[in-house]
Amino acid sequence: MIKTDKPKLLLYTAAFFIPFIIMTIIYAAAGIYPFGDKSVLMLDGYGQYIDFIAACRRMITEGSSFLYSFSKGLGDNMVGLFAYYLASPLLPLILLFPAKNITEGVLLLSLVKTGLAGITSAFYLMESTGKDSNCGGYPASAAVKCRNDGFAPTLAFSSMYALMAYNIVYSSNIMWLDGVILLPLIAAGLRRILNGGRPAMYVITLALAFVSNYYIAYMISIFTLLYFLWYYFSRYSRHRGFATAFVRYAGWSVLAAGMTALLLIPAFMSLRYGKMSPEWHKLVPVPNFSFPDILSKTAIGAYDTITYGLPFVYCGLPVLLFIPYFFARRGITVKKKVLSAAVLGVFLLSMYLSTFNIIWHGMQSAMFFPYRYSFIFCFMLIVLSYQGFAGNLASSSGSACDPAKPLKKAESSYMLIITALLFSIVLLLFFMFRREEYVFLTVKNFIVSTVFLAAYFSIIIAAGRKQKMAGILFLVLVAAELGINGHMLTDRMENEWGYKDRDAYVNFIEEISAITDEIRQNDKSLFYRTEKTFLRSYNDSLSLGTYGTSHYSSYFNTEVNRFLKGIGISSEFYWHGGRGSTVVTDSLLSVKYLLSEGQPGPGYSRQDKAGDHPEEMTEAEKVKAWLNPYALPIAFMSDAAAEGYIPVQGDPFIQQDRLLSCLAGKEYGSVFIEADKVVMVLNNLIKAANTAGGNTAGCTRYVREKNDEEAYIEFIIPREKGTDAPLYAWFASGELKKCSLEVNGDYAGEYFDESDRYPVYIDEGGNSGTVCVKMILSDEYLLLGDYKFAFIDMEKFESAAAELQAGGLELKSFSERRILGSVKAGTGGILTSSIIYDPGWRIFIDGEEARTFRAAGVFLGTDVPAGIHDIEYVYTPPGLFAGAAVSTVSLAAVAVCMLTNAARKKKKEQKALPE
């Protein structure tokens, strides 16, 4: 029968449910569903993570590939995205919920991770105070007594770790919370190694950290070195065994990372196409803030911003109160106190100076959510404060629980008074004299913090010999403080960014899925892409399970984004959308269906002919599917010029002409004809000098004259003889200043709200006269650069599209990693696909592997001789086999080392037995 330690089980159960329940109450107060209409989704949680999680759920339930997906942009490697966002061992919890309740699954995941952080921190605190008397904790002989006497204080400090400001404010980045959970276990495992114990805990938890999120694991790895040095030199007076200890630490660390190479190496290979440029210039030391500023973030409810604000270091007022006790206790060596101060100093200096801050962030500046390693600093504060606390409330009665000598009652009282007064004075000074700089420090922050300081002071001073009751009151007070702080933080997060309404995601996906499901039922083609002229996020395709063109994540492809922006698709450095497409780009990208409220372009036919009642519809219900008859198959025979094509930026109509001519042949020439004699009329606007520079160089500044009157630019485009073709427009700005467009008096949508330039469909043609386009300003000014109106020669385009379609790949079978088909090459040429070039793709022609290269700048191409040929595409993520080999070797090495260590230990124990 397995014996259970009931006190420990009770402790860890409480350590989980106390922060879990507090966080639930915080979310309920914020109106999170089912307590209101909101979801836990905010910022990237709404625009990225929910879509990735929905895609992962589909992969699990439908058995689709985790390695590659055509729902990610134009199709891309999924290993990197999975490794960064989705590899948490806790993610399968979402399977407890149906797809329509996935937001509740994310809520549960957030709450469970908060509770688990409470368990692991409680484990560390008990582990460090149960076996290591030299670290300021309880000796093993007093363990049972201390578990009973110290439950409440331990739960209070573990709850402070689970509900620190970092966990609440950064909770929308749900994949980072696994590192927070694992950090205490990694530290406890490292202690065991240095104490001669088994390495299993350290190796397994560090490996889990790399699996869950290698980015946070990288920061934790830096910390393990600091922790190793701190623990080793504070514990041992003789240092002759340092080299051996360091080799053990480093060896097990490398093996732990090596075991996860199956994910890490392919993720690295994928990352190099985008976010992989070290910012070396940030190594030049520049202060990030004024050093005393960080104290302002230790108050209850102190929230400035998650853009580029100060570090979130709040983890409970008791942490600050008892840090001085750690440094004042007589039983803790001076060396350990100095080393502890040094470790805290390293963290403070890292936050203060850009040099160290950029190293912690992997040589990449943090875009929002700054100082992402601050949870490690909070962990060290809590650890040291807890040890200081043990010399006051937990042991001032003279129990045997603490080997370090407690402070005398008078000393303890004086220190507490001084600490509380100093903290209150600092907050008051910030509030009184730097109010303009610290607008987030309100009267409410000051009063609440002061009240709690007084309450802690009262409990500790009045504790006397009633330690158990004082401990319970202390826990209750801490729980109240953490709950109030959490409520204040979420309230300010709501004001700054806003928790997204649950229906904004759930209803959107449900209503759009009804359209895409109908398309699937009616179109049995093996492959086609579906896009939208609107968006909820750039990752809608991942939630909908459709093949699209847009994407936004840290795993972007710089070349693809640049290429798409060049041909007019709305794109920036790290994302690309679906807006800005023309019938030309849609066709070349295999976009067979567009979801739109109105006619999205010339030649598209509406698939739903049912009568409409717009006044009874939601916005999503007004959307209909439009068929593009010119969409090309996933691969098609093209001109030999495709291999030498070099994408450039500029006028998108010229670039689309270049691309089409390159693929279909020079004889097709231009399909876009620039409209001439365009007249620009200004209403309530004057031209002003533009001194902004940068992306806005070359733009003209149009400034509103009267603020209370409508301001607009009107373009009058004459339709002379032979110019009755469909019309597109393009405007360039370099700055996002949203405008409304009207065409012949009818509202035509928003512009400059998503990107600073992309084409827009204006008029279907077929009539004479003039077209009037109004650009109505929403702001006080507009920066407008190049603009162009162009008619499209549909006859010429249809001819080019028909020829390319005739040489298309006829699919026999399709999956996201293996495509089979046949092609009739005619005279031979380049088989160009709308698959993004990736060295992981291999192409076989009639069973023989063929050369692959970039066609049309970014696409996957291969040479195909004349005739009819069987074509096979096979994808394997680059680095997958190398990663698997490293993981296998590392796992084998770990197994051998652990078995050897166990055998050696057993042999040693047998020798120690009496004859």
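1. F291 is partly exposed, with a relative accessible area of 35% (buried being under 20%, exposed over 50% and partly exposed in between, with a 1.4 Å probe and protein chains only). F291 lies in the loop between α11 (261-271) and α12 (317-328), where helices (H or I, at least four residues) and strands (E, at least two) are DSSP runs numbered from the N terminus.

2. The model is predicted, and local features need pLDDT of at least 70, side-chain atom pairs count only at pLDDT 80 or more, and totals for chains, interfaces and linings use all residues. Residues are numbered from 1 along each chain as its sequence is written, and side-chain values use heavy atoms, with hydrogens and water left out.

3. T516, by contrast, is buried, at a relative accessible area of 3%, and belongs to helix α19 (residues 502-522). Setting aside residues up to four places away in sequence, T516 touches T546 and L595, contact meaning heavy atoms within 4.5 Å.

4. Turning to the strands, β23 (residues 818-824) and β29 (residues 868-875) run antiparallel and are joined by 7 bridges, pairing being assigned if DSSP finds at least two bridges between two strands. Within this part of the model, I819 stands opposite Y873 in β29.

5. Strand β29 also pairs with β25 (residues 841-845), in the antiparallel sense and over 5 bridges, and here W841 stands opposite Y875 of β29. In a regular strand the side chains alternate between the two faces of the sheet.
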